[in-house]
Amino acid sequence: MSTPTDTPIDSTLINPDRRKALKFGGLAIGFLWLGGGKAALAAINPLRQSDDAAVAAADGHPAFAPNAFVCIDTDGKVRLVMPNVEMGQSIYTGTAMLLAEELGVDLAHISVEHAPSNAQLYGTALLGGEQATGGSTSTRNGWESLRQAGAVARLLLVQAAAAQWKVAADSCTVEHGEVVHGASGRRLGYGALAAAAGKLPMPSGAIPLKDPAHYTLIGKPWRRVDAAIKVNGEAQFGIDVKVPGMKIATVRACPVFGGKLASVDDSRARALPGVVAVIKLDDAVAVIGDHYWAALQGLQALEISWDLGANAHLDTAELTRQLDEHSRTGKPIVARKQGQRPAAGKSVEAIYQLPLLAHATMEPLNATVHVSADQCEIWLGTQVPNRVVAAAVKLTGLPEEKIIFHNFFLGGGFGRRLEADIAVQAIKIAKQVNYPVKVIWSREEDVRQEIPRPMYYDRISAVLDPDGRPDYWSHRTTGASVAARWIPAALSKDGLDSDTVECAAETPYAVPNVLSEWVPCDLPQGLLPGWWRGVGPTHNLFVVESFMDELAHAAGQDPLAYRRALLQKNPRALAVLDLAAEKIGWGKGSLPPGVGRGIALGEPFGSAICAIVEAEVTAEGSVRMRRVVVGLDCGQMVNPSSVSAQVQGGLLFGFSAALYNGLTVKNGGIVESNFNDYRNLRINETPAIELHVVQTTASPGGMGEVGTAIAAPALANAVFAACGVRVRNLPIERALAAHHEEARKAVARRKQGDRAEALT
Amino acid sequence: MITLQVNGEAHQVDAPPDMPLLWVLRDLIGLTGTKFGCGIAQCGACTVHLDGQAVRSCVLPVGALAGKAISTIETLDQSDAGRKVQQAWLTVDVVQCGYCQSGQLMSAAALVAGNPNPSDNDIDMAMAGNICRCGTYVRIREAIKLAATGHTDALQVIPDDAGTPSGANS
Amino acid sequence: MKTLKRLLLLLVVLLVLGGGAYLLLNRTDPSPGTAPPTAGAPATATVLQRGEYLTRAADCVVCHTEPGKQPFSGGVAFKLPFGTIYSSNITADADTGIGRWTDDDFVRAVHDGIDADGKRLYPAFPYTSYTALSRDDVLAIKAYLFSLPKISQRPPANDLSFPFNQRWAIGFWDAVFFKSKRFTADSSQSPQWNSGAYLATALGHCAECHTPRNFAFALKNNQALAGTTLQGWRAYNITSDKAHGIGGWSDQALAQYLAQAHAEGHGSAAGPMAEVVQHSLQYLKRDDLDALVTYLRSVPAKVGSDPININQQPADLIASSAAAPGATEAEKASPGMQLFAGACASCHQWNGAGRETPYASLLGSSTVNDPGGQNLTQVILHGSDMHVADQAVYMPAFAHAYTDAEIAQLSNFVIAHYGGKTGSVTARQVGERRQQQ
Ligand code: FES
Ligand code: FES
């Protein structure tokens, strides 16, 4: 199992294990608490062959499948099986590169395949051995084991060739899918060797891996393996599956969290052409049609009455009130305590609030299911194949081997597809009919049936020493725990969900006295807290880095200089900070009125990243990002092209949420419905993004969520620099609208060049 | 029964006149390259070409389409602009999850076909209706310039010989 | 002593005179009246057929049906400057509806604004127009209403401040502003004109929205149909004025607009007018539409208080293609244009035509030519969802995710681009209009 590059270990932690765990980030942390570590290590096993591959190998096709990831056919076709799912993060490409690097084939000569549901073979160690994709764990997880898997295959192929040529194995090399005997110039393709290699005994123990100096793939930019089929419409997402006899369903669930179906008058719906059936579930109604349009027309013709239940009057104000109350009167769980609050010194304090967030994956949630007497077949793009299969076993009473699961490309995941809810609903519907049914949620349903990133309410304070540096730092976050619902075993004995304090208990900065704690505050029944594109780090980095900016301001110091002074013991973080600052020309030249720059620095998911945003706040209070410069240390980059894509995508995802997003609860349900009221950043709002990387060969850090986690604080700090409004309550657009006059005056003052004034 | 001209072929479809083209393409004709994202013309995932114009098929009733030329992502490579755009998308390695990309490519192809040298602003105007949740906008800009002009100031370009293996599919 | 007597006497005389005048002015017209022929409700049709058509032509359903509730079950709120009143349940339910009403009760309510218990109705119920209906037509409407399912639903009680909650006081309002009178044909006009007049006044009650009102909320009849603003929406000038009314429209365009809420070069209806077309006008027979057009053509031209000049050739629009704005405008890259490119251009082409549907064409509509952007901001904020001519015409609402400032910028861009005018929409105005609806 790989560990990210070290950061200075703080021995004063209450629980050293927790400290170790805290280095992994987001979703990964939870799983480490499973103590599944050992089971997990077995999960990706370069020496274990999948049973079906073994069977297939027995009758010669594929001729050679030394483990669950590599299949080589006699025609030389190299098929690589992907343990993780592809949802845009380019993991298929990265995984293929790790395998192919050691196997000695070109990316042009391989094809990749979705893995079946099989945790024993495809589990992710950092996720406790569960076959799940999330928490930016995939590359960190497969870094060693996948290269081993490729090496095992290569070793056996070389042995097969050497035996045939009667030469020493170590006199042979591999290149472009062939074994080469340099001395005699003989070559044999992998296809020709597959059958023989398939009969050789497995090597024992770990096989020495390539010297990084000789990498031909790793570290170079490669085109995604799924690029070609994603530019011509060929790529199959779950929503695209076609099954003979399939009908299409769409659903309306109770608009109130936890509400139930009371009754439905479907007479008008059933009379409509193309409507096939109306299916009642305990909390929803589904209309099945010959096509989606018919189903949708049917749905709109239903007259449904709901039993709204306890949440009928719930709204955002009430949820906020509960958080505020818990943050004052709830019992905090301490994540880190070091030293004491000093008696003297200037004290600064603030309250930060973060809203519920939707995922709004571009592909609305959908699942296709066919339940028959003796089996249940599922077609679905999911981050958690095991959970879906387990749910099917439970709902159908069929044995696991009777659940046939097909995975697909995911039209975005962002943590939403770490939930099996859509599959569960589709299975319940399919059980009531005798044909395959594809359940598609309208975008409105997709937003209103969210399992959102929970709200947070953070009280943060500091006491400054005579030089204005934090002598004491106290951060109390209040909110619901995702892990407590999703993976309860992950909570520590004292009930701490480490994710809630990720990047808060540990910051890059040297502060003598620290208190970091979490007050649990569950969401009401029926509203579930969900994973997102980085939960803990995305939430905490906004609070920590915004507040760090407040401290610099309180101390009357430059935000860059202020941070540098606290980073003298953290060269890795200091390096990315200085890199970004240098590239944007921090402090050099002067900016136009109404324009400001904001710094944010963090070490989420085992990487170190600094983003500096240059943004303008117009006189109307609108924010325009002009430029973003990023300094990054993510260890060894497997594919630099993917790294920069993830930084760009992660940042834009984070900016979208920071500027515009926050779900509103009213009458017990979600108000937003679609992209007209749940707004997404558009290309004409997108700044230029420059990425500068610190090159290292340390094992890779996570990438998928790193950009997202750093986006909000960098932008909020830029907004402050531009107009003097400190955003402590996301999203920024709403915050600025609330402080519109304040912002307008400040910008006006800036326009008169009175900078100091504007910053007060 | 309505007769539609899709990708150069005539298709007889049994659809109510107010049924949006998107669902006729996906559920009746079986062309699933065109995607459903919002259904209210706010995201662009469903973009197709109608007589060469980029349109949102999710709000385009089929009743009015008899005799009009409809083309989708599946035949984008049959037009000059389409091929250029697809190639540029590969060279710059634009796609991430890929779900919005059919729509992005159709909008981009319509732009490039009508504008040999689009400025940043032209690109913004033509592409602002296409949402990408994965955030591929930076590379989309670069790819469109590459497609239009043939030369690029892209952050990074991946040469063809890097190869493009066949991806997983079901 | 004497003087006191005189005073008392004077007082008595005044009271008698006043009372007499009150009664005189409030006397009702007992005549049944005769309606001119309407193509959709011929004498040959059954009373229920006539009733259904007339009920639609009078657009009863829109004011008496809450969204999602049973037709005619009432409860629709009317926010007036002096409080809120709720429309009544006019289904035949005995307790909560009008099931116990006799024919005379119903006729009195429709003709004179007095309900079965003798209480005066608020003139939000347009008896001021319906009074011109013939007794036969009123009873046909009643017969139709009584043929529908009885719905038991009691509308909320009105909530009005004193003195407006004193129904008897309406008597004085009626005395001054209301005249009970059946329609009388104008023999100097064609039969078609007379049918149109009956459809526009007695049934369609166009004036109730399109005619400005005086200090006492009574119609200014010397400004008939010259346009005004109510409940946050402008009802445009529909007099025969060539520049500011519908004088410049072709008969064809006018008839199409009334029937389908859209006409090429005039944009589409939204808000209250969209409801009128959806629930009422789209059901009118072609002959009746033509009659309506003939009548409207004859309405004296008035400029109106806030005239709108339609620009059919705005420079920016002319310079644009279907897919992109013209170079000079694009260069400016105004915030409003940026918002439009993202959220609007997918349906509303830069050249003024609709992309996926003609309903999205903006060229020539009063809405984009009104520098104040009254209806424009309303439709951007609250969207539009109408069902006409067998299709759903839908525009999403943008109030929730866009700030007042952004919507003001967007509105002013649209007014400049599609109307060739300088818009005057401010963030504050948008903020106020958010609250409406
Ligand atoms: S699905 Fe058509 S624009 Fe979103
Ligand atoms: S590539 Fe995933 S939404 Fe655009």
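Tutor: We may begin with contact, which means heavy atoms within 4.5 Å. The model before us is predicted.

Student: How many residues of chain C are in contact with chain B?

Tutor: The cut-off is the one just given, heavy atoms within 4.5 Å. On the chain B side, 15 residues take part, and their partners in chain C number 21.

Student: How many residue pairs are in polar contact between chain B and chain C?

Tutor: Salt bridges may be set aside here, as their count between chain B and chain C is zero. For polar contact, with both residues at pLDDT 80 or more, the number of pairs is six.

Student: Which element gives the most to the side of chain B that touches chain C?

Tutor: Two elements of chain B each supply at least two residues to that side, namely strand E4 (53-56) and helix H4 (120-127). By class, this side of chain B has nine nonpolar, four polar and two charged residues. With four residues, the element that gives the most is E4(B).

Student: What is the order of the elements of chain B from the N terminus on?

Tutor: Chain B has five helices and five strands. Of its 170 residues, 65% are buried. Among contacts in chain B with a separation of 6 or more, 56% join residues 24 or more positions apart. From the N terminus on, the elements run β-β-α-β-β-β-α-α-α-α.

Student: What share of the contacts in chain A with a separation of 6 or more comes from residues 24 or more positions apart?

Tutor: Chain A contains 24 helices and 26 strands. Buried residues make up 65% of its 760 residues. For contacts in chain A with a separation of 6 or more, the share from residues 24 or more positions apart is 74%.

Student: What is the area buried between chain A and chain B?

Tutor: In this interface, 74 residues of chain A are in contact with 64 residues of chain B. Carbon and sulfur atoms give 58% of the buried area. The total is about 5900 Å².

Student: Which three residues supply more than any other three of the area that chain A buries against chain B?

Tutor: Together the three supply 17% of the area that chain A buries against chain B. They are A:Arg223, A:Met362 and A:Ile683.

Student: Which residue of chain B meets A:Asp240 in a salt bridge?

Tutor: The count between chain A and chain B is two salt bridges, alongside 26 residue pairs in polar contact with both residues at pLDDT 80 or more. In one of the salt bridges, the N to O distance is 2.9 Å, and the partner of A:Asp240 is B:Arg26.

Student: Which element gives the most to the side of chain A that touches chain B?

Tutor: The elements that give two or more residues to this side include strand E3 (110-114), helix H11 (292-301) and H20 of chain A. By class, the side has 37 nonpolar, 24 polar and 13 charged residues. The element that gives the most, with nine residues, is H20(A).

Student: Is H20(A) largely enclosed or largely open?

Tutor: Helix H20 (residues 640-660) of chain A has 21 residues and reaches 30 Å from its first C-alpha to its last, close to the 30 Å expected at 1.5 Å a residue. Since 21 of the 21 residues of H20(A) are buried, the helix is largely enclosed by the rest of the structure.

Student: Which backbone oxygen lies 2.7 Å from a polar atom of the side chain of A:Gln338?

Tutor: A:Gln338 is in strand E12 (residues 333-338) of chain A, and this residue is buried, with a relative accessible area of 11%. Its side chain reaches the backbone oxygen of A:Val511 at 3.2 Å. The backbone oxygen at 2.7 Å is that of A:Pro512.

Student: Is A:Gly128 buried or exposed?

Tutor: A:Gly128 is found in the loop between helix H6 (119-122) and helix H7 (138-165) of chain A. The cut-off for a buried residue is under 20% relative accessible area. At 18%, A:Gly128 is buried.

Conventions
Residues are numbered from 1 along each chain as its sequence is written. Chains are lettered from A and ligands numbered from 1 in the order in which they are written. This is a predicted model: local features need pLDDT of at least 70, side-chain atom pairs count only at pLDDT 80 or more; totals for chains, interfaces and linings use all residues. Side-chain values use heavy atoms; hydrogens and water are left out. A salt bridge is a side-chain nitrogen of Lys or Arg within 4 Å of a carboxyl oxygen of Asp or Glu. A polar contact is a pair of N or O atoms within 3.5 Å; within protein, one must be able to donate a hydrogen and the other to accept it, and residues adjacent in sequence count only if both atoms are side-chain atoms. Ala, Val, Leu, Ile, Met, Phe, Trp, Tyr, Cys and Pro count as nonpolar, Asp, Glu, Lys and Arg as charged, and the others, Gly among them, as polar. The expected span of a helix is 1.5 Å times one less than its number of residues. Buried means under 20% relative accessible area, exposed over 50%, partly exposed in between (1.4 Å probe, protein chains only). Buried area is the accessible area (1.4 Å probe) that two parts lose on being put together, summed over both.
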